[in-house]
Amino acid sequence: MSRRLLFFSLIFMPIFLLAQDFNNSRSGDVLINEVMANPVGLTAFPETEYVEIHNVSGSDISLNAWAFVYDGKETVLPDIVLLSGSYAVLYRSGRDMVVADGALSLGIDKFPSALANTGKTIGLKNANGEVIDEITYPNATAGKSYERSDDGTWHLSTDEKGGTPGAANSPSQLPDPDPNPDPDPDPGLNDSDMAKPFEIIINEILPDPFAGGSEYIELYNRSDRSLSLSGLVVAVRKTDGSLGAYYPLNLAEKMFSPGSYLVLTKEYHGVTDFYFIHSAEPIYELKLPVLNNESASVVLFRLSDEVVIDEVSYSTKWHDSSIKDKKGVSLERIDPDKNSQDVLNWTSAAAEAGYGTPGYRNSQYKNPDVQDDTFISAPEYMPGWDFYILTYQTMKAGYRCRVEVYSTNGRKVAEVSNNQLITQNGELQWDGKGLDNNRLSPGVYVFYAELYHPDGNHKKFKKAFLVK
């Protein structure tokens with residue numbers, strides 16, 4: 001052997017061996033873990049067919065030159081590394097897909113356009129053409145995936161979302177909720193700490209979140225005392241009047257202070273990534289029932305005696321008529337002291353609040369101490385901030401506004417707001433720019449505004465003001 005060849009062998013052989021070991025895999029190292037062949041009816045996820053694979057080995061595995069096999073036809077997988085213990089979700093590229101944090105989302109151009117609902121044989125082959133895993137899934141059920149159990153058998157998903165793409169599979173069977181459960185005694189809990197009906201209210205509901213967002217339910221302690229959350233449960237009432245599965249508020253250590261808020265969600269970042277958050281403290285991640293986008297009855301009750309603390313049967317019809325796309329728009333209670341089921345006491349969160357106020361006072365909150373009057377002020381320059389504010393107040397929720405600025409000769413030069421749904425008390429900001437996106441020249445201008453409500457109430461305001 002020449003010296004050059006020997007040198008090459010000594011230097012590069014270890015790297016070659018590492019690469020070989022990195023790509024080496026055996027049957028059972030990567031498993032087909034979940035199959036969604038009939039996604040019709042899914043609401044928590046897009047209606048997209050998918051196959052989930054799981055690296056159950058103790059090593060990271062390269063999928064370079066691997067193939068997914070469907071009904072005998074092979075589709076090459078992307079050249080990626082599947083980390084030990086992690087998941088990858090395969091689906092047709094161009095379709096919507098949502099996977100759990102940390103999982104790989106693999107949109108593949110030649111992934112089957114449709115998985116047969118009657119069942120098919122699917123498999124995985126490594127770069128050497130060896131079969132790593134192969135299964136034949138049974139007849140599909142609409143809106144339910146088939147998931148691999150710990151013992152290697154298969155079962156329909158028991159997760160309320162219908163599947164667990166990119167996450168650990170659901171158990172093969174969930175215990176039926178005990179209709180009359182015996183609560184665990186809590187020697188540290190006094191009867192005086194327990195919530196009574198209407199002391200804690202359902203204050204805000206987001207049933208139809210943005211894509212990638214999470215549903216949430218906001219609670220408000222309208223009492224004058226701290227209350228224990230131990231023993232409280234959330235459920236959805238069925239059409240026959242009975243309660244669905246119980247979802248306990250596992251927050252026994254927390255006392256709910258008077259006048260404070262609590263946000264319940266299945267995915268913390270599904271709320272914090274989409275809305276302005278005053279504080280992360282009142283937002284809690286826990287298991288919750290799936291909220292229907294159109295309507296449902298959400299019930300908060302005591303587990304010990306099933307006394308209802310509050311119940312709201314919301315409907316998408318409660319949204320303001322100006323809201324055409326309701327995705328990501330929460331429903332807010334206007335007056336915490338009024339009936340929970342009063343249709344006139346609920347409306348859409350205001351646009352200027354980002355269409356949701358999780359963990360703090362609702363944008364449509366009505367202050368009973370404020371005199372019933374409807375007005376809006378002319379733009380007031382804020383020194384040091386270099387913008388103008390317009391303060392307003394309305395008699396009730398649901399008002400929209402149009403604000404325009406005119407030159408003294410009657411020419412429209414700026415538009416501050418156009419048919420914007422506003423809160424009952426608040427401020428609008430204006431950067432002083434005109435229709436051409438340049439700041440207006442200093443001088444006298446005319447402020448013109450209209451505040452109008454679907455019930456016919458309509459007020460106009462006109463006043464000269466100074467632009468600096």
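**A guided conversation about a predicted strand-containing chain**

Visitor: Of the contacts between residues at least 6 apart in sequence, what share joins residues at least 24 apart?
Guide: The share is 59% of such contacts in the protein chain. Please bear in mind that the model is a predicted one.

Visitor: How many helices and strands are there?
Guide: The protein chain has two helices and 32 strands.

Visitor: And what percentage of the residues is buried?
Guide: Of the 468 residues in the protein chain, 46% are buried. The accessible surface amounts to about 23,600 Å², and carbon and sulfur atoms account for 50% of that area.

Visitor: Let us turn to sheets. In what order do the strands of the open four-stranded sheet run?
Guide: The order is β17-β16-β21-β22, with antiparallel pairing.

Visitor: Which strands stand at the edges?
Guide: The edges are formed by β17 (247-248) and β22 (308-315). Each has a single partner strand, so one side of each has no neighbour in the sheet.

Visitor: What holds strands of a sheet together in general?
Guide: Strands of a sheet pair through backbone hydrogen bonds, in either a parallel or an antiparallel manner.

Visitor: Over how many bridges do β16 and β21 pair?
Guide: Strand β16, residues 232-236, pairs with strand β21, residues 295-302, over five bridges in the antiparallel sense.

Visitor: Which residue in β21 stands opposite V233?
Guide: That residue is F301.

Visitor: Changing topic: how many salt bridges does the structure hold?
Guide: The structure holds 18 salt bridges. One of them joins the side chains of R148 and D133, with an N to O distance of 2.8 Å. This pair links distant parts of the chain, as R148 is in strand β11 (residues 146-148) and D133 is in strand β10 (residues 131-136), 15 residues apart.

Visitor: Are R148 and D133 buried or exposed?
Guide: Both R148 and D133 are buried.

Visitor: What about K161: which residue does it form a salt bridge with?
Guide: K161 forms a salt bridge with D159, and their closest N and O atoms are 3.0 Å apart.

Visitor: Why does K161 count as partly exposed, and why is D159 buried?
Guide: K161 counts as partly exposed because its relative accessibility is 25%. D159 has a relative accessible area of 15%, so it is buried. The cut-off for buried is under 20% relative accessible area.

Visitor: Which residues are linked in a network of salt bridges?
Guide: The network links R402, E404, K412, E415 and E450. K412 forms a salt bridge with E404, where the closest N and O atoms are 3.3 Å apart. K412 is partly exposed, with a relative accessible area of 28%, whereas E404 is buried, with a relative accessible area of 8%.

Visitor: One more topic, the backbone. What is the phi of Y355?
Guide: Y355 has a positive phi of about 65 degrees, although it is not a glycine.

Visitor: Where does Y355 lie?
Guide: Y355 lies in the loop between β24 (346-348) and β25 (375-376). Its relative accessibility is 28%, so Y355 counts as partly exposed.

Visitor: And what is the phi of N419?
Guide: The phi of N419 is near 60 degrees, again a positive value in a residue other than glycine.

Visitor: In which strand is N419 found?
Guide: N419 is found in strand β29, residues 412-421. N419 counts as partly exposed because its relative accessibility is 38%.

Methods
Residues numbered from 1 in each chain as written. Predicted model: local features only at pLDDT ≥ 70, side-chain atom pairs only at ≥ 80, totals over all residues. Heavy atoms only, no water. Buried < 20%, exposed > 50% of the residue type's maximum accessible area, 1.4 Å probe, protein only. Contact = heavy atoms within 4.5 Å. Areas by Shrake-Rupley, 256 points an atom, 1.4 Å probe, with all protein chains shown as cover. Pairing = 2+ DSSP bridges. Salt bridge = Lys/Arg side-chain N within 4 Å of Asp/Glu carboxyl O.
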